[in-house]
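Student: I have a model to go through. Can we take it step by step?

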Amino acid sequence: MDALQAPEPEAKRPRMDDTNGAVAPPSPMDEQVERTMLFTTGNFPGALADVLGHFKDADVNILHLESQNDPQRPGSEVNFLVTLRCTRAVVTDIIERISDVSVRAHLIDAAPETPLEDPTVPWFPTKIADLDRFADRILSAGGELESDHPGFHDPVYRERRQFFADIAIRYRHGQPIPRVEYTEHEINTWDTIFNQLRDLYATNACKEHIRVFPLLEEHCNFKPGVMPQLEDVSNFLQGKTGFRLRPVAGLLSSRDFLAGLAFRVFHSTQYIRHSSRPLYTPEPDICHELLGHAPLFADPGFAAFSQEIGLASLGAPDDWVKKLATLYWFTVEFGMCRENGELKAYGAGLLSSFGELKYCIKTVPDEEDTEVPEHLEFTPEKICVTEYPVTKYQPRYFIAESFEEAKEKVKRFADTIPRRFTVHYDAYTSSIDVISRPQDLRRIAASSRENISRLLGAIDQIC
């Protein structure tokens, strides 16, 4: 991630009325406002400079800029999320100004205020309803598919993808996730994936996944012939660990996605991959979310570990958010652990891929494949700077001895993030306490003393 911080613009001088010298009221179009914009450029030298040149010519002040390669278009395009300050008059035509030098661009919403009195700290949500603010702040979605996507030439599939994107964009916290009537093609695709993976879990998945999966079969229709509904799975998870699912229209920025984990919210896709290639998908789909992620979010240890990554991201500098996103990739997506000396998978990218779920535990070459992945010690400081491919099997995996051990290592790693504050999640109110002053510490300590007193009282009664 790249961040740019620019100085504040000089205040506009009030205009004088020529007839009596009185100060004329400023035009609403001259008012300085903050807006968030998403634009995409080609991945070539000077592409970003061309856009920034138009910002400069229009007297736009850039407050924050972050970039991210789009895994759906690796190497060909770069997405940029920018927070800018300018007059309302400029806002009305800024899209047109940069349309000639960008692939696509659109305004999103006004930039919210940071919860701290420090303009250098990036904004982060402090209430679970704040996640609504970036419901439509997506880097790609709907029918926007790359030319090599299996569904690119299928107009019916593209229309279906847009249908799911619209559901997610309209969704707001507190609403039930809309139920979807899946088509016969979509259910057949689910059946193919489910049947391929179900038997493999017994030997290759971690014990937490194996323990929860039968519960999902019993309570959430995890079976052939019917497509599970996100609302049912979300309710199941909330009853187990407090985690919940939220529909998402497409790819979020790393900062926004990780922020959801801090509230035990997982942004989940609702669409399914194209039926022509049921064992392949270039992006996460509902099969990946339900078969890979959902079982582990029902485990208390894994839920706490995942939330720890999210909490660490709140208000973190851009370069640290990138490190945490890499840590997420090698754990929640492609994590492995050791059980009784044997390698097992807990990452969703492995648990939803028939081929890689077999490949990841290999320690010696075989007749089918001579390549063997590296299995390295779980060390957050090394993981966060490790490069990884997005279109092929991972060449290396990092092995955790337990989720508890991994969580403690992530906590220690998070303590090195240069933040002049810390955060605490209040599960009663689903909100974030920002601890930056002595009175904040006293408030949290008082609450902790009350909880400890209840526990001591319970011990006296039971023992």
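Student: How many bridges join strand S9 to S10?

Tutor: This is a predicted model, where local features need pLDDT of at least 70, side-chain atom pairs count only at pLDDT 80 or more, and totals for chains, interfaces and linings use all residues. Residues are numbered from 1 along each chain as its sequence is written, and side-chain values use heavy atoms, without hydrogens and water. Strands are DSSP runs of E, at least two residues, numbered from the N terminus, and two of them pair if DSSP finds at least two bridges between them. Strand S9 (residues 336–339) and S10 run antiparallel, and the number of bridges joining them is 4.

Student: Which strands stand at the edges of the sheet?

Tutor: The sheet is open and mixed, with 4 strands in the order S10-S9-S12-S11. Each edge strand has a single partner, so one side is left without a neighbour in the sheet. These strands are S10 (342–345) and S11 (374–377).

Student: Is Asn340 buried or exposed?

Tutor: Asn340 lies in the loop between S9 and S10. Its phi is positive, near 50°. Buried means under 20% relative accessible area, exposed over 50%, partly exposed in between (1.4 Å probe, protein chains only). At 84%, Asn340 is exposed.

Student: And Ser430, buried or exposed?

Tutor: Ser430 also has a positive phi, about 50°, although it is not a glycine. Ser430 lies in the loop between strand S13 (422–426) and strand S14 (431–435). With a relative accessible area of 14%, Ser430 is buried.
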